[in-house]
Amino acid sequence: MRTAARSIRYMLRRAARQDYPGIVKIQEANFESARERTSVQGLLNEDFLNPSLQKYVIAARPWAENNGSAIYHPGDQVVSYILYEFQAVHFGVHVMSIATCPNHQQKGFARDLMQWCAYHSKERGLDFADLRVRPSNTPALNFYESLGYKEFARDWDYYSTPVEDAVRLKMDLSHTVLEQPRRIPHQQPQPAQRTTVQESYMTNFGIMPNLVPAT
């Protein structure tokens, strides 16, 4: 007989479109700023326009429904997510948003996702990772510093509700020895390739967009 602890399996995998409502719900539970909320919702709509944007979740899956698949399953519940963007021009990765469902915090899920982001980015040959955080968010600042991030700049009045600066943090990936993350996706992601809007649209929707202006 399985114990209660074994009744749920937590899986790190790429986010699917079916996960987006769960991501938005977590984001709304964690962020008060309209700018932060709008930013996340806008990023989720950039599937075929921004192939550099990476979206990963940790999903709770009932053990009885676990089939070993690293893709979406109807029984999955998103408990944590991360959105990050490869910025090849600057040889870095920018963490756009990360959050965990309130009743699943203090379980190490955010650390798992941040470690995967750094590991994934270093494998891509990127030199640094950066992000923004509120200066009043002491737990987040302490968390990021524990991962090796250090303040390098501030953006004045970046946040609203309430108005507040943004502390910009950066971690050097090129000179940091990273341990393999505790959780990694079952299917390793393929290196992103330069993709045209038409090709991305075809991949996501199965049809080619009509880019010819009407006459």
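# Notebook: a walk through the predicted model

I started with burial: 42% of the 215 residues of the protein chain count as buried. For my own reference, buried means under 20% relative accessible area, exposed means over 50%, and partly exposed is in between, with a 1.4 Å probe and protein chains only. This is a predicted model, in which local features need pLDDT of at least 70 and side-chain atom pairs count only at pLDDT 80 or more, while totals for chains, interfaces and linings use all residues. Residues are numbered from 1 along each chain as its sequence is written, and side-chain values use heavy atoms, with hydrogens and water left out.

**Overall layout**

I looked up the secondary structure next and found five helices and seven strands in the protein chain. Helices (H or I, at least four residues) and strands (E, at least two) are DSSP runs, numbered from the N terminus. Along the sequence I read the pattern β-α-α-β-β-β-α-β-α-β-β-α. Then I checked contacts, meaning heavy atoms within 4.5 Å. Among contacts in the protein chain with a separation of 6 or more, 68% join residues 24 or more positions apart.

**The cores**

Which residues touch the most other members of the largest nonpolar core? I noted Ile-82, Met-114, Tyr-144 and Tyr-149, in a core of 32 residues. A nonpolar core here is a set of buried Ala, Val, Leu, Ile, Met, Phe, Trp, Tyr and Cys residues joined through side-chain atoms within 4.5 Å. At least two residues of this core come from each of strand E2 (53–62), strand E3 (77–87), strand E4 (92–100), helix H3 (109–123), strand E5 (128–133), helix H4 (138–147) and strand E7 (164–172). H3 gives the largest share, seven residues.

I then clicked on Tyr-149. Not counting residues up to four places away in sequence, Tyr-149 touches Val-95, Met-114, Ala-129, Asp-130, Leu-131, Tyr-144, Leu-169, Lys-170 and Met-171. Another core, of 16 residues, lies apart from the largest one, and includes Tyr-20, Ile-26, Val-57 and Tyr-81.

**H3 against H4**

How do the axes of H3 and H4 cross? They come within 11 Å and cross at roughly 45 degrees, which makes H3 oblique to H4. Axes are lines fitted to C-alpha atoms, for helices over the stretch in contact, and angles run from 0 to 180 degrees between N-to-C directions. Angles under 35 degrees count as roughly parallel, over 145 as roughly antiparallel, 65 to 115 as roughly perpendicular and the rest as oblique.

I wrote down the residues on each side: Ala-110, Arg-111 and Met-114 from H3, and Phe-143, Tyr-144, Ser-146 and Leu-147 from H4. They divide into five nonpolar, one polar and one charged. In this scheme Ala, Val, Leu, Ile, Met, Phe, Trp, Tyr, Cys and Pro count as nonpolar, Asp, Glu, Lys and Arg as charged, and the others, Gly among them, as polar.

Most residues other than glycine have a negative phi, and most peptide bonds are trans. I therefore looked for exceptions to that rule. Thr-161 and Pro-162 are joined by a cis peptide bond, with omega about -5 degrees. Pro-162 sits in the loop between strand E6 (150–159) and E7, and Thr-161 belongs to the loop between E6 and E7 as well. Thr-161 also has a positive phi, about 55 degrees, although it is not a glycine. I found Thr-161 partly exposed, with a relative accessible area of 45%.

Asp-157 was another entry for this list: its phi is positive, near 50 degrees. Asp-157 lies in strand E6 and is exposed, at 54% relative accessible area.

**The loop between E7 and H5**

I placed Ile-184 in the loop between E7 and helix H5 (197–205). Its C-alpha atom is 8.5 Å from that of Met-11, 173 residues away along the chain. Leaving aside neighbours within four places in sequence, Ile-184 is in contact with Leu-12 and Trp-116.

Arg-182 is in the loop between E7 and H5 too, and it is exposed, with a relative accessible area of 55%. With the neighbours within four places in sequence left aside, Arg-182 is in contact with Lys-107, Gly-108, Asp-112 and Gln-115.

I finished at Pro-21, in helix H1 (residues 20–30). Pro-21 is exposed, at 56% relative accessible area. Pro-21 and Val-78 are 57 residues apart in sequence, and 9.2 Å apart in space, C-alpha to C-alpha.
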